Amino acid sequence: MVAAEVAGARRAASGFMLLLLAAVLLLIALIFALTALCAQQVFRGAGYTFFASWFATYLRETHGVKDVAAGVMNGLPLAAVVIGSPLSGWLVDFVLKRTGSYRLSRQGVAIVASLACAGVVVVAMGVSDVWLAVALISA
């Protein structure tokens, strides 16, 4: 009897969790800002995962870069994350102190940084030198 009650409670809990998940996904779909934020996080995570896992292989197989050079080039974008994260925090704080606007300090810096990132990636696509392309991507 106890096992049947436990099984029933588990079914009810899993049904509730499924309903809760559906409600959250519906909320994300209905609120554009939330959808855009989620999409941005998916693409950011995918880009970071590419650099953390497949970038060296891509450089070796597509551009004929030797193993050691591919490893060094693979580390450049990741080092840029380590250096850029505290610098971007400092920049957000600086803009907030200068303007007093939370919106400008967070959204303004994020928009400018995202556009700059897209710009250097587009420029890097047209560069034939692999080291320069990786340096641009890491900027």
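I looked up which helices line the second largest pocket, and found that α2 and α5 each supply at least two residues of its lining; helices here are DSSP runs of H or I with at least four residues, numbered from the N terminus. A pocket is an open set of points on a 1 Å grid over the protein atoms alone, where a 1.4 Å probe fits, with protein on both sides within 12 Å along at least five of seven lines, and its lining residues have an atom within 4 Å of a point.

I noted that this is a predicted model, in which local features need pLDDT of at least 70 and side-chain atom pairs count only at pLDDT 80 or more, while totals for chains, interfaces and linings use all residues. Residues are numbered from 1 along each chain as its sequence is written, and side-chain values use heavy atoms, with hydrogens and water left out.

For the second largest pocket I listed the lining as A36, L37, Q40, Q107, A110, I111 and S114, with α5 giving the most, 4 residues. Its volume, the space filled by probe spheres set on grid points joined across faces, edges and corners, is about 230 Å³.

I then turned to the largest pocket, whose volume is about 1500 Å³ and whose lining has 41 residues, with F51, V81, C117, I137 and A139 nearest its centre. I found that α2 (32-53), α3 (55-63), α4 (67-99), α5 (102-125) and α6 (130-138) each supply at least two lining residues, and that α5 again gives the most, with 11.
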